[in-house]
Amino acid sequence: MRRSRFLINTLKETPKEAVVVSHVLMMRTCMIKQLASGIYTLMPLALRSVRKIETIIREELDRAECQELSMPMVQPAELWRESGRWQAYGKELLRFKDRKENGYCLGPTHEEVITDIARREIRSYKDLPVNLYQIQNKFRDEIRPRFGLMRGREFLMKDAYSFDVDEEASSVSYQAMYDAYKRIFTRCGLNFKPVEADSGAIGGSYTHEFHVLAGSGEDEILSCNNCDYAANVERAELAAMPPAGVPADAADPVEVHTPAKKTIEDVAAFLEVAPETCVKTLVFRAGDDIVGASLMGHRELNEAVLRGRLDVAELELVTDTATFEKHGLCPGFMGPINWPKDVPLYVDEEVMGRETVVTAGNKRDYHLTGVVPARDIKPTEVLTLRSARAGDGCPRCGEGVYASYRGIEVGQVFKLGTRYSQAMNATYLDADGKEQVMVMGCYGIGVTRTMAAAIEQNHDKDGIIWPVQIAPFHVALLNLDVKDDEVNEACEAVFKGLRAAGAEVLIDDSPLRPGPKFKDADLIGLPIQVKVGSRSLKQGNIEVKVRKTGERRTVPLAGAVDEVLGLLREQGWNASPGQV
């Protein structure tokens, strides 16, 4: 492809609305253009990369004996009411009515539609297992779309759904997709990690997320340094902590005046104790009720655990004084001692594992020291409410400790069980002619997000550094003197030679000076740069640069094609039929 005929207008300056690296670089390289908040046009350069990711996905899912279909993006409300998600999904579901006042939504996902297909088409156990997938645009009305393709409202996604006769068979399908995902992201040239995770709004009993490791990742991942266990911080397990007893010499709690000391840090400093000895208590609104949660002050609450225990989609932190006063709670000084009976109190097991702690006194400007949890705290239930963190021991192997990474979630696999098939009556006849409910799995990959994550992981101060497998082109061929016939002929010879071997080449035949061409080549970040100029060509040579390492080689023109192909193969390139 010739730059003079390719729609690409690079920018020197960083767009004001772009914050993360992938958004900045995709805007500067003319890969995406914003149409509305969180909605982008994929320009030709981006689409080439996206299509390569799609091809890898299709090849691996075909290998796993999945079948591709295409479902409507517009979905009727009736299906979502059947599954119980019409209201539960929240405001991210964009709802609307047609001219006949029938309710519809723009699909953020397709569990309802695919379950409807399965119940219509699958009759017998002989028809199972089945795994159906599509690659299609989705829409989620994000409250705060940001970071370009990382958190947009409209995005391209691969979603697959498996149907099996029972849990055992479903586990086989799950493992097949888990393995396929590992091959997909490996083939995309990404450094990634599969981690155990929370199933969120989709539901299900077991799930793994696939994260591209990058310092800009929104998610924290904890991975054991001794075994293979890794999990999203919301899901990471902690070693059980047994409750402590009551010390034989335990005295009663002491009430201490702590004027205006509300934060854990201020209280610890005032009392001259470690923050790790202080308990904090939070109050949440869960549906129509309010609940309390107590944990050690240096810990973060794992809201996913509390949401799961209360079976609610969202928790809202209570901050209004009227609510506190209604239940006899003192804002800023709430502690688990003398807790109101009408408010459930969930306490982290780490609190109950301490012999003594410091708590707020449920009285303005007072705290209690010498609190003995086993004697003084009366929880509704003891849970593992704290989030795991780096340095915590791994409960799986019992020997390692957690290390922390930042990750960008690009894929997730779920064991759905009968969450949708039961609600929507998706059944089959078993070998005895009895009706049974199908067991489902769900498997998603954010295709456009994968492209953005690849940039987040692979860039430097000058621009993108594409993994060769998903680069829009493999080679940037820079004609440094378009008015020189000899240079033009040499460029054409290299261009045709690389194309004939299956390499994809973007030839910069623009009239720009060499400096701007070099800048653009680094910004766009194709794996190999070939520079053809009149000065070096007089000695029969051209220059080849590896974008990832910056290595430069002066090579004879006659051997340039073989040199470039060798460098591409070192990066994992394999020619595919039909590449141009």
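Modeller: Beyond its neighbours within four places in sequence, Ser22 has contacts (heavy atoms within 4.5 Å) with Met150, Ala452, Ile455 and Glu456. The model is predicted, so local features need pLDDT of at least 70 and side-chain atom pairs pLDDT 80 or more, while totals for chains, interfaces and linings use all residues. Numbering runs from 1 along each chain as its sequence is written, and side-chain values use heavy atoms, with hydrogens and water left out.

Ser22 belongs to helix H1, residues 21-28; helices (H or I, at least four residues) and strands (E, at least two) are DSSP runs numbered from the N terminus. With a relative accessible area of 0%, Ser22 is buried, the term for values under 20% with a 1.4 Å probe and protein chains only. Leu132 lies 110 residues from Ser22 along the chain, and 31 Å separates their C-alpha atoms.

The next helix, H2, covers residues 44-63. Its 20 residues reach 29 Å from first C-alpha to last, close to the 28 Å expected at 1.5 Å a residue, counted over one less than the number of residues. Buried positions in H2 include Leu45, Ala46, Ser49, Val50, Ile53, Ile56, Ile57 and Leu61. Charged side chains are also found among the buried residues of H2: Lys52, Glu54 and Glu60. Just after H2, Glu65 has a positive phi of about 65°.

Further along there is an open sheet of five strands, in the order S16-S14-S15-S17-S20 and with mixed pairing. Its edges are strand S16 (316-317) and strand S20 (381-383), each with a single partner strand, so one side of each has no neighbour in the sheet. Within the sheet, strand S15 (residues 289-296) and strand S17 (residues 345-348) pair in the parallel sense over three bridges; pairing requires at least two DSSP bridges. Ala293 has Tyr346 in S17 as its bridge partner.

Definitions and conventions: Buried < 20%, exposed > 50% of the residue type's maximum accessible area, 1.4 Å probe, protein only.
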